[in-house]
Amino acid sequence: MTYKLTISYDGTNYHGWQRQKNGITIQEIMETVLSSMFGAETAVTGCSRTDAGVHAKIYVCSFCGDTTIPCDKIPFVLNTMLPPDIRAYKCETADDDFNARFKTVTKAYEYKIVNASVADPLQRNFAWHYPVLLDVEKMQQAAQVICGRHDFAAFCAAGSKVKTTVRTVTELSVEKSGNVITVRAAADGFLYNMVRIIVGTLVYVGNGKLSVTDIDNLIEMKDRRKMGITAPPQGLSLVEVNYE
């Protein structure tokens, strides 16, 4: 039986989703718990390779197994075995060819920036504290330039192995409420560190290091070094995953 499982996690204490030799990951925890629950080694495929420190409000994973536990009861049983920073919410049976990673159509991330002179200690694991006042209107203008179908090579970290760096960003918004700036990005796929580099670039526009008119040319140059910094991981959360 193939299962589609929806979970949520605080990534603070983990080295991302994918198994690593140098630290504990969400995938390792899920495979260990499911293997114990099913009484057989269970491999789990995730919808995204979230980095160390990155969170997920909505995360979809898939696995195969046989159990007498009713499908709708699997989240309850999992939650008695999982650590408190990982929770299962929904489990469904899926077609045999369902794959949580390769069947995705779009994903959306949100990034939080606390734009205040003094950091909020309650947000230290979930937002980037940026003390210099940012021009949100200019960040919004730059976001509209980035949104669309482009070769996003300039927004990809070194070491990425992909067939193409062309992606379609269907939504890129910048909103401010109080002293918190939220950047929301949705696309048909994301490159390695792409959202964090987009955020770092928007911040460079907001603080005057880059202009809105620079962005088009920099995208065409496909030079990662010309863009903004890679924003730190803790502000990023996966918030939406859509399938056919």
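In the predicted model, the backbone oxygen of Ile-197 lies 2.8 Å from a polar atom of the side chain of Thr-201. A polar contact is a pair of N or O atoms within 3.5 Å; within protein, one atom must be able to donate a hydrogen and the other to accept it, and residues adjacent in sequence count only if both atoms are side-chain atoms. The model is predicted, so local features need pLDDT of at least 70 and side-chain atom pairs count only at pLDDT 80 or more, while totals for chains, interfaces and linings use all residues. Residues are numbered from 1 along each chain as its sequence is written, and side-chain values use heavy atoms, with hydrogens and water left out.

Thr-201 is part of helix 4. Helices (H or I, at least four residues) and strands (E, at least two) are DSSP runs, numbered from the N terminus. Thr-201 counts as buried because its relative accessibility is 0%; buried means under 20% relative accessible area, exposed over 50%, and partly exposed in between, with a 1.4 Å probe and protein chains only. Not counting residues up to four places away in sequence, Thr-201 touches Phe-155, Leu-210, Ile-215, Met-227, Gly-228 and Ile-229, where contact means heavy atoms within 4.5 Å. Helix 4 as a whole is mostly covered, with 13 of its 13 residues buried. From its first C-alpha to its last, helix 4 reaches 18 Å, close to the 18 Å expected at 1.5 Å a residue; the expected span is 1.5 Å times one less than the number of residues. An α-helix has 3.6 residues a turn, so residues three or four places apart point the same way.

Positive phi angles occur on both sides of helix 4. Just after the helix, Gly-208 takes a positive phi of about 90°. Asn-193, in the loop between strand 9 (180-187) and helix 4, has a positive phi of about 65° although it is not a glycine. Asn-193 counts as buried because its relative accessibility is 13%. Lys-222 is likewise not a glycine and has a positive phi of about 55°. Lys-222 is found in the loop between helix 5 (214-221) and strand 10, and is partly exposed, with a relative accessible area of 45%. Most residues other than glycine have a negative phi.

The largest pocket has a volume of about 1,200 Å³. Of the 37 residues that line this pocket, the closest to its centre are Arg-49, Arg-101, Lys-107, Phe-190 and Tyr-192. Strand 2 (44-46), strand 5 (104-114) and helix 4 (194-206) are the elements that give two or more residues to the lining. On a 1 Å grid over the protein atoms alone, a cavity is a set of points where a 1.4 Å probe fits but cannot get out, whereas a pocket is an open set with protein on both sides within 12 Å along at least five of seven lines; lining residues have an atom within 4 Å of a point. Grid points are joined across faces, edges and corners, and a volume is the space filled by probe spheres set on the points. By class, the lining of the largest pocket has 14 nonpolar, 15 polar and eight charged residues. Ala, Val, Leu, Ile, Met, Phe, Trp, Tyr, Cys and Pro count as nonpolar, Asp, Glu, Lys and Arg as charged, and the others, Gly among them, as polar.

The second largest pocket holds about 180 Å³ of space. Its lining includes Ser-8, Tyr-9, His-55, Glu-110 and Val-239. At least two lining residues come from each of strand 1 (2-9), strand 3 (55-64), strand 5 and strand 10 (236-243), and strand 3 supplies the largest share, three residues. The lining comprises four nonpolar, four polar and three charged residues.

Glu-240 lies in strand 10 and is partly exposed, with a relative accessible area of 31%. The side chain of Glu-240 makes a polar contact with the side chain of Asn-242 (2.8 Å). Leaving aside neighbours within four places in sequence, Glu-240 is in contact with Ile-58, Thr-106, Lys-107, Ala-108 and Arg-184. Glu-240 and Tyr-109 are 131 residues apart in sequence and 7.0 Å apart in space, C-alpha to C-alpha.

Thr-50, in the loop between strand 2 and strand 3, is buried, with a relative accessible area of 5%.
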